[in-house]
Amino acid sequence: MKPLEERIATQVNNLPRSGIRDFFELVLGRDDVISLGVGEPDFSAPWHIREAAIYSLEKGHTSYTSNLGLLSLREEIAEYVDQKFEVSYDSKTEILITVGVSEALDLACRALLNPGDEVIYHEPCYVSYSPSIAMSFGVAVPVETKVEDEFVLKAEDVAAKITDRTRLLLLNFPTNPTGAVEPLDELKKIAQLAVDHDLIVISDEIYSELLYGEDSGMKIGHHTSIASLPGMKERTILLHGFSKAFAMTGFRLGYSCAPQVLTEAMMKIHQYSMLCAPIMSQNAALEALKNGASEVEKMRKAYARRRNLMLKRFKEMGVPCFAPGGAFYVFPDIRKFGLSSKEFALRLLEEESVAVVPGDAFGAAGQGCVRACYATGYDQLEIALDRIEAFVRRLQS
Ligand code: PLP
């Protein structure tokens, strides 16, 4: 019999292991560690949202839904997206409920890429972008963003990567892992490039409720979706979900908003692979959108306070740290210590029992930084920061 390793499909064999996973195997079973590693809210989903999931079960609502998802939820999403993103979608034909943004991203790539098609995206970025492209037989074309530029994605750098094989632009603002928010003037230039070169844009806006400043000419709490810019709705797949702002990671619920033809293509794959998203999660999401705004704001305020603590303490330690406009990560620059991101993170874990993620887990452009997630209780953060301070003092002495 041929060895089982040789039965694995080439594109799967070629996938690298996630740098986050590698790192977190080291943390498993160590209860002394304060983890600033996983990008997940420390809050449980608000109680009224959990209750909606419980009621769904109690009422015996345990069936499949329409492949697109519950119409009542799609209607609520259409209203939410209209108000928040200033783009209107037809709830019957342009919205697809998915198993997290993760599934929506996979569907968008699989629906749109032919082998060899190129996808431009910015790095450092969420770990699943390049694997999702590769699994769809596409070619990942990263554009480096730099700490010196506050991780702004420059339209001129995007333009330089466009070829006649470019099909998609994949954007994520606010960005995981940097927390960067794209300035409006640059976002407009990128939109113009998409129009000029007839590109489809996948815009992952999963952190769009978690904004902290007036950076980039945006009003506090106001997020500009590229889909809302002139000429963009017809070429954008807007991805959003409930994991981050509503603290609903385990519900596994997301959605895409896109022109009918694209939604239909994504739905075709979804109906054969997933069939539909779980009905209990859909009912919980309906409640989240109807009555969850004040809880989201409470959590955002808690994150804002923690973000300020992180920035203050890194500044006091003399560790340069870009002030992120959104999400719940800081991405301090550790180059001055002469260690690679991985060495820094490993030693911090070994010597002070604090877990952060090496920046290059998010692409080569993240080398020289580490990602610290502040979706952790304030008191725990203070202890973690004391330990980080002790560590960097030792490195400096
Ligand atoms: N997109 C980004 C940028 C993320 O950071 C994450 C999770 O960390 C996801 C998508 C996945 O989200 P979901 O839980 O909705 O699948």
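Predicted model: local features only at pLDDT ≥ 70, side-chain atom pairs only at ≥ 80, totals over all residues.
By contact I shall mean heavy atoms within 4.5 Å of each other.

Setting aside residues up to four places away in sequence, Asp-333 touches Val-147, Val-319, Pro-320, Gly-368 and Cys-369. Is Asp-333 buried or exposed? Its relative accessible area is 9%, and because the threshold for burial is under 20%, Asp-333 counts as buried. The side chain of Asp-333 also has a polar partner: it makes a polar contact with the side chain of Arg-335, at 2.7 Å.

Helix H12 itself spans residues 341-352, and Leu-346 lies within it. Here the accessibility is 25%, so Leu-346 is classed as partly exposed. Once neighbours within four places in sequence are left aside, Leu-346 is in contact with Phe-23 and Leu-26. One further distance may be of use when you look at this region: the C-alpha atoms of Leu-346 and Pro-358 are 8.6 Å apart, with 12 residues of separation along the chain.

I turn now to the sheet. Seven strands make up an open sheet with mixed pairing, and their order is E2-E8-E7-E6-E5-E3-E4. Strand E2, residues 95-98, and strand E4, residues 139-144, are the edge strands, each of them pairing on one side only. From one strand to the next the twist averages 20 degrees. Against this sheet packs helix H9, residues 260-273, which touches E2, E6, E7 and strand E8, residues 254-257. The direction of H9 makes about 30 degrees with that of E2.

How do E6 and E7 run, parallel or antiparallel? Strand E6, residues 200-204, and strand E7, residues 236-241, run parallel and are joined by 4 bridges.

A word on side chains is in order. In a regular strand they alternate between the two faces of the sheet. In E8, Gly-254 and Ser-256 point one way, whereas Tyr-255 and Cys-257 point the other way, and all are buried.

Finally, the ligand. Which residues are closest to the ligand? Of the 13 residues that surround it, the closest are Val-101, Ser-102, Asp-204, Ser-243 and Lys-244. A polar backbone atom of Val-101 is 2.7 Å from an oxygen atom of the ligand. From Asn-176, a polar side-chain atom lies 2.8 Å from a ligand oxygen. For Arg-252, an N or O atom of the side chain is also 2.8 Å from an oxygen atom of the ligand. On its own the ligand has 400 Å² of accessible area, and the protein covers 93% of that.

That concludes my presentation, and I thank you for your attention.

Terms used
Residues numbered from 1 in each chain as written. Heavy atoms only, no water. Pairing = 2+ DSSP bridges. Helix = DSSP H or I, 4+ residues; strand = E, 2+ residues; numbered from the N terminus. Axes fitted to C-alpha atoms, helices over the stretch in contact; angles between N-to-C directions. Buried < 20%, exposed > 50% of the residue type's maximum accessible area, 1.4 Å probe, protein only. Near = heavy atom within 4 Å. Polar contact = N/O pair within 3.5 Å; in protein donor to acceptor, adjacent residues only side chain to side chain. Areas by Shrake-Rupley, 256 points an atom, 1.4 Å probe, with all protein chains shown as cover.
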